[in-house]
Amino acid sequence: MGASDSKLVFKRGIFRLSEERHIPADDTYWTAFWELPESSEDVFSLFTPADIRRTRDRALENLETLILAVTSRLFRLRHHPSFPDPELASEQEALNCIRVLTRILPFLYEKESLGSWEETFFWGQRRRRTRQSAIANEVLFDEAKEEENGKPESSEFEDTKPLAEELIDTLVDLLFFSELTLPRQTNGRSKVTYAIWQSGVGCNTAVATTKEYESNRAEILRLLLTLSGQSMYMTAGVLPQRGVRALTHLCTCPDKQVVLSVLCSLLNTTLKYNPASWRVPYNTLVFKDSKETLVTYSLQLLLVLLLYPIPETPSNSSPKNFYRHYLGRLHRPQDFHFIVDGMTRVLNQPLQEKTSYLPGSQSSGHFAPEILMLFWEVTQCNKRFRSFIIDTERAHDFVILTLFYALEYKNDAAKQGVVRMCAFLLQTLSVEPNFGVNLNKYFEGQESLPVSIRVPGFKGTYADFLTHSIYTLITTSQGRLNAIYPALLAVINNIAPYLEGLSSISSSKLMQLFSSMSSPSFLLANESNHNLLHSLLESISAIVENKYSKNPELIFVILKNKKRIEALRSFTLESGQEEIERRNQRRKDSGGQIDPLEAGSVRSSVDSGRSPTVTQSRSPALEEVPEDGAFAIGDDEDESDDDDDDDDEHQPTPARSTSSETQSQTSSTPNAEDALPTQLRGMSEKARGKMPAGVPSFSRQNSTVSLTAHSMSGQSQSGGFEPTGQWIESWLPELPLHTVLAVIQQVTALLPRQDLASDLPTSETLQRISDTKVMGIEASPPRVHSFEWSPLALGWYESLLWGLVFTSEMQVSKGSMGIWNGTAIKLFRVQETAPEGPTLTSPRGAVDAVGSNIVSRIGQINLRGAGGNQNQTSPQQQP
């Protein structure tokens, strides 16, 4: 459809769709939809959202006929013995049918009132004429017309699968179709052969491929993603319960060969991706790599299939997702090596980019959030893989990479969802005992890390680096990450019984967290902050009980904080409120001078754009983190008050991650953190097995927690939480202080006073501490703080994934070509941002011709699409 008159014919046909009611199904008009377009761009640019909505709202019957026409044509082509043949059954017609469906479906899904129609039209039972009947009724001679008066017998019709099921099954077949997506099959073999596209898991030799095959695969995957994308038109609370029929059909496919072929093809295509080998300097500006597009859709559909929680039904109370099931059955070490190498190759790209001499010569973590999500999925559903990465110490690489992305994105409002996922990923790994043991290995490669996560002068183990990084995440995230404080502390708690040789710096960080979390302003801010203090004390006690002699630096820091720890035992409501009053008075007496450690100054300095570089302070001072008066972190020697003012702009929101360079500002939502998972108080496996039978279970991970346990309790918009003495008595006696107090009492008596007077302990002091035998302390069984799923947690997770998919599609399609662009999405917020200034890909004014000429000479690719000047959009999660 290169000629302008051909485009005009197609456009006029689109106008007719909404202007003329009840166009007959046998009208030759319908053939234009698969005969005229020459590319996906033709369909998307000429068939505008306004056209589709106008037809949907004025002439829905025409849209029905169009869908039936293009699906029937696609089914006929798929079964044609000559397909794909340019003359008899062309590949182009099949692709145009796929493109038209990809364009239309989101606008049907967005209109909630069409729900029952969509269910009946796509998923209702159908009857059609049998093949024998169709042949018998063909008119071969004129005389045959005289014999057609009789009514057709019921045997001439048969029940057939719903339209959507037949469409999905056809698309899956087309992914493995001779001369369409796979090489030509020898005569006599079926056109559909479920051959894995790429070598890797389940396949040692890759099938031959061409750019045309890869492009065709991408278009088919794009339609499967569009069908699955009905998820985006439900809220996070509704999606896990209601589900998406298309995904349920895909994930419950009983044919093992089909599932394994799709799973391995998507997985291997993704993990064979090597961005370094495809890149030339600055090519991200001018090239639209067809292979990268295929990798994008492969990875996204793979994640959509793996994450999907199949809703329970009365007939099936425990449905099985076969993609997740078979991923969990992988066991060969060579497969695990392939998966780990592929993931680290992609995740390492941004780290290498930061040392590149050519700025912009590589894409900045293009697939990083999705690969982290894939890694988390494999670790959750495959115990053998989890053991493999821990036992081979490859887990160390993933710890560093996960911390890199968490620290890199922590101040980015649009990427908080990825940071939270990083915390939950670390928690999932930390449940394994060997993970904690292996963290005691000395970390030698710290100097090679990017400056943003490097700790100056660092000398220590992986455990030290992890502890320092968790401390940094908590204290420098400006309150955005309070929803994951429990997860970050759970990581420390899970590894605590196995830690040895904790450095002086790491020990100080733990005690500085204790100092802040035990301050009155923090404990009295809401009804759940004491849980964080409990978790931290539990961690410190576990280290002392299990590895006392191996951690003299920590014992020394505990002894230095003797007064603060002992004061906590006698904490009361009155004493806490008096301490807050004294600090407020000191602030007034200082003549309005704000202490640089207090919340107000931190807020102003942070808002002015503080560097994310981690620096090692000379004194044990921490920043205060404003969280609606919830968390104030102060100096070990001079506690600072938190800011008690409610400040809406600092309310935590589950702002989702994007891969877009255009960022959007997050906004508050009242129940934002309700969509985040939390964790149970640590319990042994034996205790977990004794939980009441009536506790509701959840199919993915048997979640048994309330989502609001840590995240929102006590934080009301009106500041309604009022601490009472009775409330304090309900949790204060439960704090695990016994072990720490016993150490203070016994070890202090054995050390000379001058040993504790110095800031740093001497080697003799440390040896004396290690040699001391503390009485009355017994190591309790390690408590496992497991990550827990729930329907709301999965809703948050799905919104994170689909936000990534949405943003990526905007990047790939450049402007108005996006599948979901401009539709009424409910799963997350889509917020428009201002258009960017002139760039090489979007020049303006007098430089337009020059810029366009440069682009065309280097890339020969349409970078801007039809909507190059449109505002960029960036998704944000909502609960």
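Q: Why does Ser231 count as buried?
A: Its relative accessibility is 1%. The cut-off for buried is under 20%. Ser231 falls under that cut-off, so the word applies. The model is a predicted one.

Q: Where does Ser231 lie, and what does Ser231 touch?
A: Ser231 belongs to the loop between helix 10 (211–228) and helix 11 (239–242). Not counting residues up to four places away in sequence, Ser231 touches Leu239, Val244, Leu247, Trp802 and Leu827.

Q: What makes the approach of the Ser231 side chain to Ser228 a polar contact?
A: The side chain of Ser231 reaches the backbone oxygen of Ser228 at 2.9 Å. The limit for such a pair of N or O atoms is 3.5 Å. The distance is within the limit, so the pair qualifies.

Q: Is Cys264 buried or exposed, and why?
A: Buried, because its relative accessible area is 7%, and the cut-off is under 20%.

Q: Why is the pair of Phe404 and Tyr405 given its name, and how many aromatic pairs does the structure hold?
A: The structure holds 37 aromatic pairs. For Phe404 and Tyr405, the ring centres are 5.0 Å apart and the planes stand at 75 degrees. Centres must lie within 6.5 Å to pair, and planes over 60 degrees apart count as edge-to-face. Both conditions hold, so the pair is edge-to-face. Phe404 is buried at a relative accessible area of 1%. Tyr405 is also buried, at 1%.

Q: What makes Phe443 and Phe458 a pair, and of which kind?
A: Their ring centres are 6.3 Å apart and their planes at 65 degrees. The limit for centres is 6.5 Å, and the edge-to-face class starts over 60 degrees. The pair is therefore edge-to-face. Phe443 and Phe458 are 15 residues apart, and both sit in the loop between helix 24 (433–438) and helix 25 (462–475). Both residues are buried.

Q: Which residues do ring pairs link into a cluster?
A: Trp376, Phe424, Phe787, Trp789, Trp796 and Tyr797.

Q: How do you know that Arg16 lies over the face of Tyr29?
A: Arg16 is at 4.6 Å from the ring centre of Tyr29 and lies over its face. The distance limit for a charge over a ring is 6 Å.

Q: Why is Arg21 called partly exposed?
A: Its relative accessible area is 46%. Buried means under 20% and exposed means over 50%, so a value in between is partly exposed. Arg21 lies in the loop between helix 1 (4–19) and helix 2 (32–35).

Q: What joins Arg21 and Glu61?
A: A polar contact of 2.7 Å between their side chains. The limit is 3.5 Å, so the pair counts. Arg21 and Glu61 are 40 residues apart in sequence, yet 7.7 Å apart in space, C-alpha to C-alpha. Leaving aside neighbours within four places in sequence, Arg21 is in contact with Arg58, Ala59, Glu61 and Asn62.

Q: What stands out in the phi of His22 and of Glu393?
A: Most residues other than glycine have a negative phi. His22 has a positive phi of about 55 degrees, and Glu393 has one of about 65 degrees. Neither residue is a glycine. His22 sits in the loop between helix 1 and helix 2. Glu393 sits in the loop between helix 21 (383–391) and helix 22 (395–409).

Q: What makes the peptide bond from Phe83 to Pro84 cis?
A: Its omega is near 0 degrees. Most peptide bonds are trans. Pro84 lies in the loop between helix 5 (60–79) and helix 6 (91–109).

Methods
Residues are numbered from 1 along each chain as its sequence is written. This is a predicted model: local features need pLDDT of at least 70, side-chain atom pairs count only at pLDDT 80 or more; totals for chains, interfaces and linings use all residues. Side-chain values use heavy atoms; hydrogens and water are left out. Rings of Phe, Tyr and Trp (its six-membered ring) pair if their centres lie within 6.5 Å; planes under 30 degrees apart count as stacked, over 60 as edge-to-face and the rest as tilted. Buried means under 20% relative accessible area, exposed over 50%, partly exposed in between (1.4 Å probe, protein chains only). Helices (H or I, at least four residues) and strands (E, at least two) are DSSP runs, numbered from the N terminus. A charge sits over a ring if NZ of Lys or CZ of Arg is within 6 Å of the ring centre and within 35 degrees of the ring normal. A polar contact is a pair of N or O atoms within 3.5 Å; within protein, one must be able to donate a hydrogen and the other to accept it, and residues adjacent in sequence count only if both atoms are side-chain atoms. Contact means heavy atoms within 4.5 Å.
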